Amino acid sequence: MMQILPGFRDFYPADVAKRNYIFSTFRRVARSYGFLEVDGPFLERADLYRKKSGGELMGQLYQFVDKGGREVAMRPEMTPTIARMVAESGNGYRKPLKWFGIGSFFRHERQQKGRLREFVQLNCDLIGEASPAADAELLALVIDSLRAFGLTSQDFVLRLSDRNAWVRFFQQKAVVENRMEELLQLIDKIERQSEQETAEKLAPFDITLQDIRDFIERRDPASFSDLLAELSARGLSEYVEIDLKIVRGLLYYTGMVFEVFDRQKRFRAVAGGGRYDRLIATMSDGRVDLPAVGFGMGDVVLGELIEAVPAAEKKMRDALAAQPACEIYVVIADETQRPQALKIIQTLRQERWNVDFSLTPIRVGKQFQIAEQLQARLGVIVGSEWPQVKFKRLATREEFACPHDVLAERLKTERAPLIFDF
Ligand code: HAM
């Protein structure tokens with residue numbers, strides 16, 4: 001048997017249902033913040049990432065030469081594409097731009113829990129506004145996205161940091177400009193690397209591990225006072241902690257950065273983002289100069305977290321159960337009435353019911369059995385009583401009769417309240 005590639009996934013119906021739940025929940029929240037949906041191509045020039053993303057991502061690019069001899073890469077992230085799009089046509093839009101997108105991304109990652117080679121990211125970017133109010137709006141959106149899945153401050157925390165604080169710290173330690181990124185990348189890996197390794201890499205800069213620890217301990221919130229005040233006014237303080245260990249591995253970040261983790265530290269980061277105030281200007285050679293802030297949230301860790309938190313798992317299960325694949329099963333009790341039954345089926349489908357029936361003649365008892373297996377809420381029985389038909393609430397077995405031509409109207413009152421809109 002030909003096996004699926006490592007790090008890639010098949011999506012069977014139950015998997016797609018969960019994925020749709022995640023997508024539509026996120027869409028609803030992003031729209032509630034006034035964000036508009038955008039998308040870009042799966043394939044970009046490899047240079048876009050070589051020049052703009054940098055860091056670890058470069059070793060993980062799926063890249064190849066296309067038939068036109070161009071070096072191309074499958075997108076590993078959305079931000080360079082967003083910056084390219086804004087650099088090209090951003091001037092035509094009212095600022096600030098509030099854009100979100102949902103799509104697949106590709107990274108040739110080392111095999112590990114929570115990291116795949118094809119994954120979905122939900123991205124949100126707020127462009128053209130440099131104030132802490134924009135940062136607060138974006139962080140509130142991250143937090144509300146997670147709360148919409150039934151996750152609370154007991155379940156996740158947003159670790160907030162400032163890359164500039166590190167830059168200032170390293171400047172005080174007389175680190176020269178062109179070695180700065182190297183040190184930032186070292187801090188980014190500090191939690192995943194042994195202390196000895198970190199100390200050895202710091203030594204040439206005359207910086208000790210203790211210097212770094214002291215700096216992290218200081219947790220100086222001064223640069224965040226406006227941002228924290230805004231989050232407090234929104235009642236979201238309990239979701240945020242200052243943690244200078246976060247610096248982010250991507251090269252384009254310029255100031256505020258953050259990552260979201262589960263409280264128990266069982267999983268990899270759920271989301272990450274920050275300010276990238278210079279990316280659009282470098283992308284457009286200075287023609288379009290707009291500050292920006294954004295985040296990406298992966299479906300893999302989010303899915304793991306939802307499954308691990310009982311309240312969130314139940315919320316998802318309830319939402320999926322409220323959207324059965326089949327709402328009405330039409331039972332054909334008299335095969336001579338099949339043409340009439342087909343007409344009813346089509347009418348109900350026009351009325352936006354999910355309707356199923358047996359394509360071939362089978363016993364009535366068997367048809368009801370299938371209706372139950374499909375978790376249909378209603379059975380419509382077309383039989384020898386035509387032009388009368390019956391419908392049945394399958395859970396309570398209550399049965400009603402009505403003329404076939406008023407059935408669709410009569411069933412309108414039988415609709416379950418829509419608790420979740422896919
Ligand atoms: P990132 O931290 O590389 O940031 O990715 C954001 C999130 O995507 C991660 O926290 C994780 O949940 C998910 N993710 C990343 N790689 C994988 C993987 N191999 N498998 C599964 N999930 C993964 C960015 O990509 C930035 N472009 C985010 C951003 C948007 N910054 C500003 N705007």
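**Charges, rings and an enclosed strand**

Modeller: The charged end of K392 sits over the ring of F368, 4.9 Å from its centre, and the charged end of R415 is placed over the ring of W353 in turn, at 4.1 Å from the ring centre. A charge is said to sit over a ring if NZ of Lys or CZ of Arg is within 6 Å of the ring centre and within 35 degrees of the ring normal. This is a predicted model, in which local features need pLDDT of at least 70 and side-chain atom pairs count only at pLDDT 80 or more, whereas totals for chains, interfaces and linings use all residues. Residues are numbered from 1 along each chain as its sequence is written, and side-chain values use heavy atoms, with hydrogens and water left out.

Among the aromatic residues themselves, the structure holds 15 aromatic pairs (rings of Phe, Tyr and Trp, the last by its six-membered ring, with centres within 6.5 Å; planes under 30 degrees apart count as stacked, over 60 as edge-to-face and the rest as tilted). One of these is the stacked pair of F169 and F215, with 4.5 Å from centre to centre and 25° between the planes. Because F169 belongs to helix α5 (residues 163-172) and F215 to helix α8 (residues 209-218), the pair ties together parts that are 46 residues apart in sequence; helices (H or I, at least four residues) and strands (E, at least two) are DSSP runs, numbered from the N terminus. Both F169 and F215 are buried, where buried means under 20% relative accessible area, exposed over 50%, and partly exposed in between, with a 1.4 Å probe and protein chains only. W166, F169, F170 and F215 form one aromatic cluster.

Turning to charge pairs, a search of the whole structure finds 38 salt bridges, each being a side-chain nitrogen of Lys or Arg within 4 Å of a carboxyl oxygen of Asp or Glu. In one of them R9 meets D299, with the closest N and O atoms 3.1 Å apart. This pair links distant parts of the chain, since R9 is in the segment before α1 (13-32) and D299 in helix α11 (residues 299-308), 290 residues apart. R9 is partly exposed at 27% relative accessible area, whereas D299, at 7%, counts as buried. A further salt bridge joins R159 to E191, again with 3.1 Å between the closest N and O atoms. Here R159 lies in strand β7 (residues 156-162) and E191 in the loop between α6 (180-188) and α7 (195-202), 32 residues apart. R159 counts as buried at 6% relative accessibility, and E191 as partly exposed at 46%. Through shared partners, salt bridges also join K98, E137, E230 and R234 into one network.

Strand β6 (residues 118-127) runs antiparallel to β11 and is joined to it by 7 bridges, while two strands are taken to pair if DSSP finds at least two bridges between them. Within that pairing, I127 has A292 as its bridge partner in β11. Strand β10 (residues 271-275) also pairs with β11 in the antiparallel sense, over 5 bridges, and G273 stands opposite F295.
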